[in-house]
Each structure stands twice: as C-alpha cells, then as structure tokens.
Amino acid sequence: MKNNSIHLTFIAGLMTALATFSVQAQEVGKVISSTPIIQQVAVPRQVCNNQQVVTEGQKSGAGAAMGAIAGGAIGNQIGNGSGRALATMAGIFGGAIMGDKIEGPTTPEVRNVQNCSQQMFYENRTMAYNVVYEFAGKQYTVQMPQDPGPTVRLQITPMAPAANTGYGVPPAGSAPRY
C-alpha cells in the first residue's frame, strides 16, 4: 500500500510539472508577399576638390642686398664728417630700393590647393519587411527585420478554452461603467 501511494504521488507530481510547461509546436507558413519598407537616410561624406592657385613668387633679396652695399659704398665717397654718414645712409636705402627693382618681379607660382567640405547625401535603405503569410487557411501580416524567403517559421502555442460559467456575466473590468 505504501509503495502504491508513492507511485501515485510521483505520477501526480509528474502530471503537474508537465501541465505547467507550455506546449509549443514548430509550424511553417507560406509567404504570399514580402514588401520592403524603405527609408531615406542622411549620410555625411567628405568631398574634396583640387584648385590651382597662382601666388607671387618669393624674391631672393639678393638684389636689395647688393644694391644696399653698392649704394652705401657710393654714398660713403660723397661728403665729409656727418655729411658723409648721411650720404652713406641715403646710399644704403637708395641702393636697396634700386637693387630690388633691378632683381625684377618674380615669376608667379602655381600651386594645387585641396579644399574639403562635409556634405550630406541621402541613401535609400531597407529598414524592415511587411510580410503577408498564410497558415491554416488564414492570412496574417507581420513586420520582420529580414526577408523570410518562401516560408516563415511559426511558433504555435495552443490556448486552453475559456472557462464557461454559464451565468452570462462578462469578465471583471469589461462591463460598461455608468
């Protein structure tokens, strides 16, 4: 008798454990249509272009230096005392100006300059798919992150029938309030 009650208790516990697990079945639905949901997305890009820029070339300064030396030497030959110093100074400045003019204008330099800017471009991207599928003779619509292909796998969980009390009273919270 004791052994029989242990078996009954074990079977009752096993039945209770099995009842608490949800029963699920793996089914397949046939995809009728899969329509991509497309959205425009702003994408920043760096755009660069090259321009040719003409600039004045750099003078060597040799003409001004040579002119200053020559002008200073010539000015030093003129006058006596403080007049000689003044003539030397005038010769240095005048010679530098003349030497710079004799060196002449520089040849213009052509340089390539790169200008870059950030610009927005718009791309069409698929964000999701509206999928219409058929299962058990009915059509269903769902939004999915990827295109499922010709079939969609379904996770079916059976529902227990609702308890019928027979009183005709709607469930709590569903009756209109006055």
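Tutor: With a definition: contact means heavy atoms within 4.5 Å. Helices (H or I, at least four residues) and strands (E, at least two) are DSSP runs, numbered from the N terminus. This is a predicted model, in which local features need pLDDT of at least 70 and side-chain atom pairs count only at pLDDT 80 or more, while totals for chains, interfaces and linings use all residues. Residues are numbered from 1 along each chain as its sequence is written, and side-chain values use heavy atoms, with hydrogens and water left out.

Student: Which helix do the buried residues of α3 pack against?

Tutor: They pack against α2 (62-76). Buried means under 20% relative accessible area, exposed over 50%, and partly exposed in between (1.4 Å probe, protein chains only). In α3, the buried residues are A87, T88, G91, G95 and G99.

Student: How should I read that spacing?

Tutor: An α-helix has 3.6 residues a turn, so residues three or four places apart point the same way.

Student: What span does α3 reach from its first C-alpha to its last?

Tutor: The expected span of a helix is 1.5 Å times one less than its number of residues. Helix α3 covers residues 81-103, 23 residues in total, and reaches 33 Å, close to the 33 Å expected.

Student: Which residues form the disulfide?

Tutor: A disulfide is a pair of cysteine sulfur atoms within 2.5 Å. The structure holds 1: C48 and C116, with sulfur atoms 2.0 Å apart. C48 lies in strand β1 (residues 25-55) and C116 in strand β2 (residues 109-135), so the pair ties together parts that are 68 residues apart in sequence. The torsion about the S-S bond is about 110 degrees, so the disulfide is right-handed.

Student: Are C48 and C116 buried or partly exposed?

Tutor: C48 is partly exposed, at 36% relative accessible area, and C116 is partly exposed at 38%. Not counting residues up to four places away in sequence, C116 touches Q46, V47 and C48.

Student: Which residues make up the largest nonpolar core?

Tutor: In soluble globular proteins, nonpolar side chains tend to be buried together. A nonpolar core is a set of buried Ala, Val, Leu, Ile, Met, Phe, Trp, Tyr and Cys residues joined through side-chain atoms within 4.5 Å. The largest here has 6 residues: V31, Y129, V131, Y133, V152 and L154.
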